[in-house]
Amino acid sequence: MRMTLDALTDVAGLCVGHATLTGGGRLTGTTVVLAPEGGAVAAVDVRGGGPGTKETDALDPRNVVRTVEAVVLTGGSAYGLDAASGVMAWLEERGRGVRVGPGPSHVVPVVPAACVFDLGRGGDFRARPDAAAGRAAVEAAAASGPGAPVAQGSVGAGTGAVAGLLKGGVGTASAVLPSGITVGALAVANAAGSVVDPSTGALYGEMWEGRVARPSAEAHEAARALLDGAGARNGPPPLNTTLAVVATDAVLSKAQAQKLAGTAHDGIARAVRPVHLLNDGDTVFALATGARPLSGDPLALNEILAAGADLVTRAIVRAVRAAEPVRGPGGTWPSYEELYGRP
């Protein structure tokens, strides 16, 4: 049996790095998924009504770009998309990107990016990731190497993430399918909707698996009182977004990768209610490294599609369970495990 980390980096060749910005009014960060040298087939599906993205049109199957070298998930709303510039510069220095001239350095790295809204959550509205944060995150990814563990919770793009009234964060999960193909997911849970059933306190993302341990009525009542108080102090919920990267080592076309990105949104819908609202920017990227061919069965993609959605749900649950509470000048967000404990 193949040993796995239950993380996105179980897809051979992928690396993940975080830049976490805290203190001095900051509560934000950037996460980079770095593809193997030569890139990975990439696609995207945007469902939220208020997305903040960069280079997503390049991923349309009708367009010329086939592979990307990295994907950036970042805090800082649209300002934070500047983090992708730091990743582009790092890749250019290594000659990685779309060749546009005769020399090996004549490249343009295509670096798709998406952002979550976390402005002001550390107290300073102007504290946001920049190109330096992007470079720090991609350097951390490269230094970690393929197959390395992935930090979860209040790190990287999940540093200032909020899920409803709870602290959100980054989570990841993976599975090896009966075919031997690996699928992995990484999510940033920063939803306007709730991740918790208001009547029981159970996580929606655990309920669908039928194995949830529901909190006691007393624990839920105490948690509701604390959440109501925190919500009143924080004011109305701001713009929010859930982001995800789903990856596989299978050989996929851009069209197949786009289908994977689309069905993976079902994983968000299981874990967050409501979802894909006008004040969300819910975006899923799909990556395929092409190490394992699909069988000739035209329906062979189905097991990858089903696994992608399941893993996004698990990644969101892990993001919420790994998150650390925040009590600061920008607001108060308890963590799920602070309120309800571990299962």
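**Helices on a sheet: reading the labels**

Analyst: H2 lies across S1 and S2, running at about 135 degrees to S1. The model is predicted.

User: What makes the contact of H1 with H2?

Analyst: H1 contributes residues including Ala-83, Val-87 and Trp-90. H2 contributes, among them, Arg-135, Val-138 and Ala-142. The residues of this contact divide into seven nonpolar, three polar and three charged.

User: Why are S1 and S4 called edge strands?

Analyst: The open sheet has the order S1-S2-S6-S9-S4. S1 (15-23) and S4 (53-54) each pair on one side only.

User: How do you know that S4 and S9 pair?

Analyst: Pairing takes at least two bridges. S4 and S9 (residues 113-115) have two bridges, in the antiparallel sense. Therefore they count as paired. Thr-53 has Ala-114 of S9 as its bridge partner.

User: Why is S12 called mostly covered?

Analyst: Buried means under 20% relative accessible area. In S12 (residues 169-176), six of eight residues are buried.

User: What joins S12 to S13?

Analyst: Eight bridges join S12 to S13 (residues 182-189), and the two strands run antiparallel. Val-170 stands opposite Val-188 in S13. The hairpin has five residues between the strands, and Gly-180 takes a positive phi near 95 degrees.

Definitions and conventions: Residues are numbered from 1 along each chain as its sequence is written. This is a predicted model: local features need pLDDT of at least 70, side-chain atom pairs count only at pLDDT 80 or more; totals for chains, interfaces and linings use all residues. Side-chain values use heavy atoms; hydrogens and water are left out. Buried means under 20% relative accessible area, exposed over 50%, partly exposed in between (1.4 Å probe, protein chains only). Helices (H or I, at least four residues) and strands (E, at least two) are DSSP runs, numbered from the N terminus. Contact means heavy atoms within 4.5 Å. Ala, Val, Leu, Ile, Met, Phe, Trp, Tyr, Cys and Pro count as nonpolar, Asp, Glu, Lys and Arg as charged, and the others, Gly among them, as polar. Axes are lines fitted to C-alpha atoms, for helices over the stretch in contact, and angles run from 0 to 180 degrees between N-to-C directions.
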